[in-house]
Amino acid sequence: MTVPLERRAARVLLVDGEGRILLQNCCDPSDPAAGSWWNTMGGGIDPGESPEQAAARELAEETGLQVAVDELGEVVHRRLTEFPFGGDHYRQSEHYFLLRTEAFDAVPTAHSDLELVAVLGTRWWTVEELRATAERVYPEELLEVLERLA
């Protein structure tokens with residue numbers, strides 16, 4: 001059994017005035033049979049970066065939305081997850097922030113070469129659409145978290 005790579009991540013629950021959340025559709029190019037899934041904005045925390053700094057950087061890179069670190073507030077959810085990606089296995093500690101904003105068209109500004117093929121697009125989802133979908137959405141407890149924060 002392979003020992004998972006330890007990773008810390010910062011993620012953002014980006015919610016618009018209608019209560020919709022912006023999610024990105026992703027896949028693992030190293031495992032096409034795994035299909036695709038939807039997840040929140042965010043990614044790995046770089047060395048020397050705080051979770052808040054990473055969340056703000058990831059938002060700008062993945063959506064084009066520039067926010068000050070202090071706009072993110074406190075961590076509203078945490079989770080520990082394990083998953084395969086890119087031929088590796090990760091154990092990831094995630095810090096989630098809530099940011100309310102007006103709806104906008106996300107335009108990535110700094111995707112890595114891997115993200116250019118792994119990120120298939122973005123979409124605003126209503127809670128009702130999340131409840132009804134058969135597609136995979138991460139974190140699995142997203143509906144409960146959104147309802148708690150509403």
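This is a predicted model: local features need pLDDT of at least 70, side-chain atom pairs count only at pLDDT 80 or more; totals for chains, interfaces and linings use all residues.
## The nonpolar cores

The largest nonpolar core has 18 residues, and those that touch the most other members are L14, L59, L72 and L99. At least two residues of this core come from each of β1 (5–15), α1 (51–63) and β6 (88–100). Helix α1 gives the largest share, with four residues.

L14 illustrates how such a residue is surrounded. When neighbours within four places in sequence are left aside, L14 is in contact with R20, I21, L22, L59, L65, L99, T101, F104 and W124.

## The loop between β6 and α2

T101 is located in the loop that runs between β6 and α2 (113–118). This residue has a relative accessibility of 17%, and because buried means under 20%, T101 counts as buried. Beyond its neighbours within four places in sequence, T101 is in contact with L14, V15, D16, G17, L65 and W124.

D105 belongs to the loop between β6 and α2 as well. Its relative accessibility is 72%, so D105 counts as exposed, since the cut-off for exposed residues is over 50%. D105 and G17 are 88 residues apart along the chain, and a distance of 14 Å separates their C-alpha atoms.

## The largest pocket

The largest pocket holds about 800 Å³ of space. Its lining consists of 35 residues, of which R7, W37, N39, F83 and F85 are the closest to the centre of the pocket.

Strand β5 provides the largest share, namely six residues. Sorted by class, the lining contains 14 nonpolar, nine polar and twelve charged residues.

## Aromatic pairs

Three aromatic pairs are found in a search of the whole structure. One of them joins F83 and Y90, whose ring centres are 5.5 Å apart and whose planes meet at 25°, so the pair is stacked. How exposed are the two partners, F83 and Y90? F83 counts as partly exposed because its relative accessibility is 23%, whereas Y90 is buried, with a relative accessible area of 17%.

F104 and W124 form an edge-to-face aromatic pair, with 5.9 Å from centre to centre and 80° between the planes. This pair links distant parts of the chain, as F104 lies in the loop between β6 and α2 while W124 lies in strand β7 (residues 119–125), 20 residues apart. W124 has a relative accessibility of 13% and therefore counts as buried. Both F104 and W124 are also among the contacts of L14, and W124 is one of the residues in contact with T101.

## A cis peptide bond

Which form does the peptide bond from Y138 to P139 take? This bond is cis, and its omega angle is near 5°. P139 is placed in the loop between β8 (137–138) and α4 (142–149).

Methods:
Residues are numbered from 1 along each chain as its sequence is written. Side-chain values use heavy atoms; hydrogens and water are left out. A nonpolar core is a set of buried Ala, Val, Leu, Ile, Met, Phe, Trp, Tyr and Cys residues joined through side-chain atoms within 4.5 Å. Buried means under 20% relative accessible area, exposed over 50%, partly exposed in between (1.4 Å probe, protein chains only). Contact means heavy atoms within 4.5 Å. On a 1 Å grid over the protein atoms alone, a cavity is a set of points where a 1.4 Å probe fits but cannot get out, and a pocket is an open set with protein on both sides within 12 Å along at least five of seven lines; lining residues have an atom within 4 Å of a point. Grid points are joined across faces, edges and corners, and a volume is the space filled by probe spheres set on the points. Ala, Val, Leu, Ile, Met, Phe, Trp, Tyr, Cys and Pro count as nonpolar, Asp, Glu, Lys and Arg as charged, and the others, Gly among them, as polar. Rings of Phe, Tyr and Trp (its six-membered ring) pair if their centres lie within 6.5 Å; planes under 30 degrees apart count as stacked, over 60 as edge-to-face and the rest as tilted.
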